[in-house]
Structure formats: C-alpha cells, structure tokens
Amino acid sequence: MTENKRSTNWLSVILGVLFFIVAFIAFKNPVTTLSSLVIYFGAIAIVKGVMGLLSVSKIKKLSTISTTPLLVISILDIILGLIIMFNFKITFLSLPYLFGIWFILDALQDLIYGKYLKGFGNGLYGMNIFTSILNIILGVLMIFNPLSAYVTIVYLIGINFIIWGIKYLIRGFMGK
C-alpha cells in the first residue's frame, strides 16, 4: 500500500490565518480601522514578498518554469510593504491606488502560476481563476474610482484578504 503524504506548508497556513485576522479586524470597526490597518497591510505585504522569494528557490529546484514574474512581484510586495509601513501620510493618501495595484499584480501572478494547479484537481484550478478575476475587478474598481474606494476600501480589502486567506490555507494544507 502506497501512502500519499503531503507535508503542510506552515508558512502558507500562518499567512492564511493572518489574512483572516486582518479581514476580521477590518470588518469589526472600519472607521477607526483604516489607519491602524495600514501597518498590518504593510507587514503582510513584506511577509508575502519574503514567502515569494523563498518559493523562487524551491520552484527552481523542482521545475524548469520561469520564476522571473514571481521574483519581480515578490520584490514589489516587499517594497510596497516598506512604503506602506514607513510613509504613513503618502500611503494614506494613495491607498486606493496602492491596494488596487497590489490586488491586480497578485491576481496576475496567480493566473500565471495557476496553470500548475491543474495537477491538483479542477476545483483548486477553477477557484484560482475565479478569485484572481475577482481580485482584478476589485483592483480596477479601486484605481478608477478612488473616492468611492475611500468609503469602501476597508470592506474591499477585507473581502480580498478573506479570498487570499482561503487560498493560502488551501495551499498550505496541500503542501504548496
């Protein structure tokens, strides 16, 4: 009898849980949450970028696919996280644009690498496409309607973080 053991990727699980926690905080008190969430968003962007950089070396060892898009987006995540955390005034004024761009870039990354999820079943592959399209739509809405985004930004970010939390939990428990 052959056992198919998958190791749990605890970094993905922890990141998924962090996304859920921040989403919960966002929904609980959106008015006072916006300014305090900036720090959490910055920290998550940095962790996500570092996780992407760590994935680059793992992907290079396991396959021949190009890791350039992942490398670029991971570096952009880290830079975005640092900008968010250490330049509060500019970050607050440009939140709809920063998060809109972040949502779109991450969705494009998921679409680029999502084709490799086909081997894990159509459910995960389909969910990846669906959530990536949702993230692109949310990102575009934030960029092209920034005034409305200020009113709804906490909710949009909370929804997006729930989507990312689900994705990272699934990936973590699948060992990806």
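This is a predicted model: local features need pLDDT of at least 70, side-chain atom pairs count only at pLDDT 80 or more; totals for chains, interfaces and linings use all residues.
**Group meeting: a walk through an all-helix model**

Is Ile129 buried, partly exposed or exposed? Its relative accessibility is 29%, so Ile129 counts as partly exposed. If you look for Leu111, you'll see that its C-alpha sits 6.4 Å from the C-alpha of Ile129, although the two residues are 18 apart in sequence.

Stay in helix H6 for a moment, because Thr131 is found there too, and with a relative accessible area of 7% it falls under the 20% cut-off for buried. Which residues does Thr131 touch, leaving aside those up to four places away in sequence? They are Ile163 and Lys167.

Now let's step back to the whole chain. How many helices and strands are there? We have seven helices and zero strands, so reading from the N terminus the elements go α-α-α-α-α-α-α. The radius of gyration is 16 Å, close to the 16 Å that the globule rule gives for 176 residues, so the chain is as compact as a globular protein of that length. Along the principal axes, the C-alpha atoms fill a box of roughly 55 × 30 × 25 Å.

A few more overall numbers for you. Of the 176 residues, 43% are buried. Take the contacts between residues at least 6 apart in sequence: 78% of them join residues at least 24 apart. The accessible surface comes to about 9,500 Å², and carbon and sulfur atoms account for 73% of it. As for charge, the chain carries 13 positive and 4 negative side chains, with the centres of the two sets 2 Å apart.

A search of the whole structure turns up 11 aromatic pairs. One of them is Trp10 with Phe173, an edge-to-face pair with 6.3 Å centre to centre and 80° between the planes. Trp10 itself has a relative accessible area of 54%, so it is exposed.

Another pair to find on your screens is Phe103 with Trp164: the ring centres are 5.5 Å apart and the planes lie at 90°, so this one is edge-to-face. It also links distant parts of the chain, with Phe103 in helix H5, residues 95–114, and Trp164 in helix H7, 61 residues apart. Are these two residues buried or exposed? Phe103 is buried, with a relative accessible area of 0%, and Trp164 counts as buried at 2% relative accessibility.

Both of those residues belong to a cluster linked by ring pairs, made up of Phe19, Phe99, Trp102, Phe103, Phe161, Trp164 and Tyr168.

One last stop, in helix H3, residues 68–86, where Ser74 is found. At 1% relative accessibility, Ser74 counts as buried. What does Ser74 touch, not counting residues up to four places away in sequence? The answer is Gly49, Gly52 and Leu53.

Terms used
Residues are numbered from 1 along each chain as its sequence is written. Side-chain values use heavy atoms; hydrogens and water are left out. Helices (H or I, at least four residues) and strands (E, at least two) are DSSP runs, numbered from the N terminus. The radius of gyration is taken over C-alpha atoms; the globule rule is 2.2 Å times the number of residues to the power 0.38. Buried means under 20% relative accessible area, exposed over 50%, partly exposed in between (1.4 Å probe, protein chains only). Contact means heavy atoms within 4.5 Å. Accessible areas come from the Shrake-Rupley method with a 1.4 Å probe; for residues, only the protein chains shown count as cover. Lys and Arg count as positive and Asp and Glu as negative; His and the chain ends are not counted. The place of a charge is taken as NZ of Lys, CZ of Arg, CG of Asp or CD of Glu. Rings of Phe, Tyr and Trp (its six-membered ring) pair if their centres lie within 6.5 Å; planes under 30 degrees apart count as stacked, over 60 as edge-to-face and the rest as tilted.
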